[in-house]
Amino acid sequence: MVMSTASMRAEAGDVVLELRGVSKSFGPVQALRDGELVLRAGSIHALMGENGAGKSTIVKIIAGLYQRDSGEFVLGGETVHFRSTADSKQSGIAVIYQEPTLFPDLSVTENIFMGRHLLKSFGRIDRAAMRGHVRRLFQRLGVDIDPDRPAEGLSIADQQIIEIAKAISLEARILIMDEPTAALSEVEASRLFAVARSLRDEGRAILFISHRFDEVYDLCDTITVMRDGAYISTDRIEATTVAGIVRKMVGRDVDSLYPKQTVPIGDVVLKVEKLTSTGQFHDISFEVRAGEIVGLAGLVGAGRSEVARAIFGIDSYESGTVTLEGRVVPRLNTVAAMQLGIALVPEDRRQQGIVLPFGLARNSTLAIKSSLARFGFITNRSENRSAADWLARLSVKANALDTSTATLSGGNQQKVVLAKWLATNPTLLIVDEPTRGIDVGTKADVHALLSKLAGEGLAIIMISSELPEVLGMADRILVMREGHMTADIPRSEATAETVMFSATHERRSAV
Ligand SMILES: Nc1ncnc2c1ncn2[C@@H]1O[C@H](COP(=O)(O)OP(=O)(O)OP(=O)(O)O)[C@@H](O)[C@H]1O
Ligand SMILES: [Mg+2]
């Protein structure tokens, strides 16, 4: 037995956490067959793999949320068996989970201090000190969120930032981040990276999970790849290439990421005129034609999702009109919007996209259910078939169609939302961050699919914070900044510079 050295300070390079041959099954699903991971002090370690490869399962085992079925888990030289997340916290492990886990009724500060309080003498809770602590954390992360507001109604990016602040405030020796940047803009992500680097320099160990290669190569020194629940390799980052990592993840070469086809552009499908909603967006006008993919770029918070929600009738607006194929789309009426042929794949899949407790087949047919029912053949058979078609086209990894969506991996949940809306056969498809959290292989599939759908005459609005995606996929890029449309850039003139310029500057007066 190893000596009890768990509390000793680790020197940079020392192994602080080790998993060997760890397995985990959920009933018939083997999520993890052979998990291996060695984390060292003073290192930022990447963990990559396709959707459903078992990354989050490893995270939850380390966190004590799941218990391993077999294998070794050694922490600071000692074998551990965590029974709960309290155990892992106590051992100096902080975890940012893939899906935010905030309590909507509690304030931002209460969420960050969940389960611990700063006490004044005589045991009274020191709210001012807690608030001050949160303000300093937010300052470090460069964000402006009111510590007293309730968590309810926060954007998904802000929720993620609060999860990050919560984890950092634990001052843990080991910090685990499961796709922390999926909802963040580049500016927010780069602030997070600065914090991560300073924690690394203090000798902490960081595990970083992401599907974005630019981030991994920018931030991490070591990389572990998993496939189908099993460990594949661990390398120093300098010894690897993107193509090599992709091959290990997917088990094959992946074709070009942005397979944009040139297709004939048809008639105007969507016309938005002078749309205004005070405090959200102002005087927004644009058109989208059949076969056209229009990118909607801008920083997080620029008002892009708000415009999409207004078009689809989720939120109201004060003035302006929306017409689809010449017919007026009424305000605040999503049923009418759907009947006219609009589909919206929202950015926050958990709140708006899927009804989690339902099974898979049910979720992806929820949106067409009314149209199937109208023709009187809503049987389980037809439900399963149309769902199965789309789920297969998007290669959703699930053991059975009646799998509950709540237990799907994050990326696979995202694909279910897409499947659900594609099955409605829309004329205009609005996708908000369509490939967030989706692995490289499937990302290429989603892009190929969007390209193909445009080729079939679908009009597409693609909101994306990932510049390469917008540049690669869009025929035209509309840029928003602080609720205003600042540019309309044709594909031939679109570059990272022209788009970023418009995203951060006011529209240049006509020249
Ligand atoms: N609680 C659970 N019950 C049943 N199956 C589960 C559960 N948790 C995970 N799984 C399954 O285990 C597999 C691995 O999932 P995991 O969430 O670890 O993947 P991941 O690598 O994090 O993927 P992603 O990149 O999409 O987040 C998936 O097939 C998933 O459906
Ligand atoms: Mg995951």
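Predicted model: local features only at pLDDT ≥ 70, side-chain atom pairs only at ≥ 80, totals over all residues.
View 1. Residues are numbered from 1 along each chain as its sequence is written, and chains are lettered from A and ligands numbered from 1 in the order in which they are written. Val95 belongs to the largest nonpolar core, a set of 70 residues, and is listed with Ile174, Ile176 and Phe208 as having the most contacts inside it. Such a core is a set of buried Ala, Val, Leu, Ile, Met, Phe, Trp, Tyr and Cys residues joined through C-beta atoms within 7 Å. Buried takes 20 or more other C-beta atoms within 10 Å of a residue's own, exposed takes 12 or fewer, and partly exposed is in between, with C-beta atoms placed from the backbone. Helix 5 (residues 156-169) gives the most to this core, with eight residues. Helices (H or I, at least four residues) and strands (E, at least two) are DSSP runs, numbered from the N terminus. There is also a second, separate core of 69 residues, and Leu275, Phe281, Ile430 and Ile438 are among its members. In soluble globular proteins, nonpolar side chains tend to be buried together.

**View 2. Strand 19, covered on both faces.** Strand 19 (residues 476-481) has six of its six residues buried. Arg476, Leu478 and Met480 are on one side, with Ile477, Val479 and Arg481 on the other. In a regular strand the side chains alternate between the two faces of the sheet. Strand 13 (residues 293-297) runs parallel to strand 19 and is joined to it by four bridges, with Leu296 standing opposite Leu478. Strand 20 (residues 484-490) pairs with strand 19 in the antiparallel sense over six bridges. Here Leu478 stands opposite Asp488, and Arg481 has His484 as its bridge partner. Strands 19 and 20 form a hairpin with two residues between them, and Glu482 in the turn has a positive phi of about 45 degrees.

**View 3. The shell around ligand 1.** Ligand 1 is surrounded by 20 residues, the closest being Ala31, Asn51, Ser56, Ser409 and Gly411; to be near the ligand, a residue needs its C-beta atom, placed from the backbone, within 6 Å of it. Strand 2 (29-40), helix 1 (55-63) and helix 15 (410-422) are the elements that give two or more residues to this shell. Sorted by class, the shell holds five nonpolar, twelve polar and three charged residues. Ala, Val, Leu, Ile, Met, Phe, Trp, Tyr, Cys and Pro count as nonpolar, Asp, Glu, Lys and Arg as charged, and the others, Gly among them, as polar.

**View 4. Leu458, in a loop but buried.** Leu458 lies in the loop between helix 16 (440-455) and strand 18 (459-463). Leu458 counts as buried because it has 22 C-beta neighbours inside 10 Å. Leaving aside neighbours within four places in sequence, Leu458 is in contact with Thr427, Leu429 and Leu453. The C-alpha atoms of Leu458 and Thr427 are separated by 5.4 Å, though the two are 31 residues apart along the chain.

Key
Pairing = 2+ DSSP bridges. Contact = placed C-beta atoms within 7 Å.
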